[in-house]
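Biologist: I am new to this structure. Please take me closely through one part, the nonpolar core, and then set it in its surroundings.

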Amino acid sequence: SALPMLSRQAKWLQLFGAQKTLTVCAMASSAACRDEVLAESVGSKRVVTLNRPKALNALNLNMVRELYPLMKKWDDGGHVSMVIVKGAGDKAFCAGGDVLAVTKSAQDSKAGGASTMHKDFFREEYQLNHLIGTLSKPYVALIDGITMGGGCGLSVNGRFRVATERTMLSMPETALGLFPDVGGSYFLSRLKNNLGLYLALTGYRLLGADAFHSGLATHFVNSADIPALEKALLELEHPTDTLVEETIRRFQPKEIAPFSLEDKLPTIRELFHARTVEEILSNLDKHGDEWAKKTIATLNKMSPTSLKVTMQQIERGARTSYAKVFTMEYRLTQRCMDGFDFHEGCRAILIDKDRNPKWKPATLAEVTDDHVDAYFAPLPHASELIIHED
């Protein structure tokens, strides 16, 4: 989910080297394409910069449509040896997907309009996420800054994810009446100690080294060393996974801040080992310490429907193949578009900003098993997203 745009122009990151920067647009004939994705060739390596700094590099459909053919071409072509992805400006890697445009499209469609953006965006974004997750070349995401929602799709699905002390990584979708998508069903469900379920339900913000300790980032490097790391990666003559790994590790500091949740991991493992959201809340209530009380307060703010759908999503994702989680997630998006809470969440957080959503149903007790199961039901065959297994 996208954060609101900043009013101040963010400082651009300087692209590496004296190489000529190639601005590549897969939809060059479209007036809507405004150099939102910059692609630079450095020998056999490619550097991609998400270039919407005022919007914290939030991902829109045009950007997805620029990125997918580039990644596909590079994946298929033997002349490309590595892909590095980063965000422009000094604040964000990518603050999420353009959910305001999505909710407007869904509402237009409900009113009889012809917009299909709420279908196209998720379909094409998930195809891009899957391609990143199966890319045959080393893929390095420099998540130096805000990385939320769709930004996790562009990074956590990839092989190498480099966090810094400036990283703020979270998937806050339950607060928007949505669910942690972009492959979250797969990568969150495979974290240990029920940490993925905790992150999915609460939207907890992993700050700095927390992203590394959680497993969502693979490495940690000081922000000041990111330009030197990028330079070293681009100087690799034949960048294999092993060489990329060794290069990043050279920049990893000897001392890394501890995990802020370290002492809570046994508690999370125990209390979030449950069959229902209600059982989790009961466990937290019985535990009764200050952290448990704050966690209850956080969960009580979230969409009850989103909490129950997310609980089921993580459970199913743990036993679903990588390609098939995107089929499941696409079904969930379309049910969210047809429902109430997603649009209400966008209104309360991103439009009116009163942060006082009126969820329907308003309580967990009102969200029945049948209601949740309906979110996971197959779509009409022509509407399904099917990604073939690699």
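**The core and its surroundings**

Modeller: Start with the largest nonpolar core, which has 96 residues. Within this core, L154 and F272 touch the most other members. Helix α14, residues 322-338, gives the most to the core, with 9 residues. In soluble globular proteins, nonpolar side chains tend to be buried together. Bear in mind that this is a predicted model.

Next, a helix. α13 runs over residues 304-317 and has 14 residues. From first C-alpha to last, α13 reaches 20 Å, close to the 20 Å expected at 1.5 Å a residue. This helix is mostly covered, with 11 of its 14 residues buried. The buried set includes L307, V309, M311 and I314. K308 and Q313 of α13 are buried too.

Then the sheet. Four strands make an open sheet with mixed pairing, in the order β5-β7-β9-β10. β5 (92-94) and β10 (206-207) stand at the edges, and each has a single partner strand, so one side of each is left without a neighbour in the sheet. β7, residues 146-148, pairs with β9, residues 168-170, in the parallel sense. That pairing runs over 3 bridges. T147 has L169 of β9 as its bridge partner.

Turn to a loop. G113 sits between α2 (99-110) and α3 (117-134). G113 counts as partly exposed because its relative accessibility is 28%, and the band for that class lies between 20% and 50%. In sequence, G113 and I132 are 19 residues apart. In space, their C-alpha atoms are 33 Å apart.

Step back to the whole span. The UniProt record, an unreviewed entry, annotates residues 46-376 as "domain: Enoyl-CoA hydratase/isomerase". Residues 46-376 are 51% helix and 10% strand. The end C-alpha atoms of this span lie 38 Å apart.

Last, confidence. The chain has a mean pLDDT of 91, and 91% of its residues reach 70 or more. Residues 1-33 have pLDDT below 50. In the model, this stretch still has 84 contacts beyond near neighbours in sequence. Where pLDDT is low, the predicted coordinates should not be read in detail.

Key: Residues are numbered from 1 along each chain as its sequence is written. This is a predicted model: local features need pLDDT of at least 70, side-chain atom pairs count only at pLDDT 80 or more; totals for chains, interfaces and linings use all residues. Side-chain values use heavy atoms; hydrogens and water are left out. Two strands pair if DSSP finds at least two bridges between them. Helices (H or I, at least four residues) and strands (E, at least two) are DSSP runs, numbered from the N terminus. pLDDT is the predictor's confidence in each residue, from 0 to 100. Contact means heavy atoms within 4.5 Å. A nonpolar core is a set of buried Ala, Val, Leu, Ile, Met, Phe, Trp, Tyr and Cys residues joined through side-chain atoms within 4.5 Å. Buried means under 20% relative accessible area, exposed over 50%, partly exposed in between (1.4 Å probe, protein chains only). The expected span of a helix is 1.5 Å times one less than its number of residues. UniProt positions are given in the numbering used here, feature names are shortened, and annotations may be inferred rather than shown by experiment.
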